[in-house]
Amino acid sequence: MNFDAKIPLLLQLGFREAALPQLKAYIDLLWSANEELNLISRQMTFDELMDNHVIDCLLPLKLFPEGVKSAADFGSGGGLPAVIYAIQFPEIAYHLYEKSPKKQIFLNQCKTIAPNLQIHGEIPKELKNIDIVTARGFKPIDVILEVSRDYYKKNGKYFLLKARREKIEEELVLARKKFKDLKVRIEPLKSPVLEVERHLVLI
């Protein structure tokens, strides 16, 4: 379990050096809580947690828009990427939506590390005063837009961490049937530690 060995890579990806102690505190909390809550695979090693999850969340960090005051994260689970982004951007009020009461308890514990977090249950019909929606490993694109239809219609912005391009294109076919005016930008992301296909979907 060597967090320090990953620090040069975290900084290279754009993470704030001053926030490294908070990031370590969050990862330690996630690692210890996972045994009971199964937030990530229990078979995973600490290095795999860092490479598959933490570094994965940081790949699009430099593309995160400036000037965001309030963000929403759908299906927050163990807080990836929302808690990491809340630590990176303490000026953003970050609203995390997670249905599981057990996971909500864990996310509320994360508020001791990132006080700008606000934890909620179901995604509301209306998302008010939100500048961007983030999600990772949540639902297909059409479902994400459907559950936040009112927000989308008001020119809502989305920052979606996705994997394979082929799967994204399949999801977009469905999404365009429901949302004819859909404008999408897909940014390929390169992991420095894993041979995996990763993309950022910007709407």
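Reader: Which residue of E7 stands opposite proline 188?

Author: Histidine 199 does. Bear in mind that this is a predicted model.

Reader: How should I read the pairing of strands?

Author: Strands of a sheet pair through backbone hydrogen bonds, either parallel or antiparallel. Here, E6 and strand E7 (residues 198-202) run antiparallel, with 5 bridges between them.

Reader: In what order do the 7 strands lie in the sheet?

Author: The order is E3-E2-E1-E4-E5-E7-E6. The sheet is open, and its pairing is mixed.

Reader: Which are the edge strands?

Author: Strand E3 (117-120) is one, and strand E6 (185-189) is the other. Each pairs on one side only. From one strand to the next, the twist averages 20°.

Reader: Which strands does helix H3 touch?

Author: Helix H3 (residues 46-58) packs on the sheet against strand E4 (132-136), strand E5 (158-162) and E7. The direction of H3 makes about 155° with that of E4.

Reader: And which strands does helix H8 touch?

Author: Helix H8 (residues 165-178) packs on the sheet too, touching E5, E6 and E7. Its direction makes about 165° with that of E6.

Reader: Now the largest pocket. What is its volume?

Author: The volume is about 260 Å³.

Reader: How many residues line the largest pocket, and which lie nearest its centre?

Author: There are 13 lining residues. Nearest the centre lie Gly75, Lys99, Ile123, Phe138 and Lys139.

Reader: How does the lining divide by class?

Author: It has 5 nonpolar, 4 polar and 4 charged residues.

Terms used: Residues are numbered from 1 along each chain as its sequence is written. This is a predicted model: local features need pLDDT of at least 70, side-chain atom pairs count only at pLDDT 80 or more; totals for chains, interfaces and linings use all residues. Side-chain values use heavy atoms; hydrogens and water are left out. On a 1 Å grid over the protein atoms alone, a cavity is a set of points where a 1.4 Å probe fits but cannot get out, and a pocket is an open set with protein on both sides within 12 Å along at least five of seven lines; lining residues have an atom within 4 Å of a point. Grid points are joined across faces, edges and corners, and a volume is the space filled by probe spheres set on the points. Ala, Val, Leu, Ile, Met, Phe, Trp, Tyr, Cys and Pro count as nonpolar, Asp, Glu, Lys and Arg as charged, and the others, Gly among them, as polar. Two strands pair if DSSP finds at least two bridges between them. Helices (H or I, at least four residues) and strands (E, at least two) are DSSP runs, numbered from the N terminus. Axes are lines fitted to C-alpha atoms, for helices over the stretch in contact, and angles run from 0 to 180 degrees between N-to-C directions. Contact means heavy atoms within 4.5 Å.
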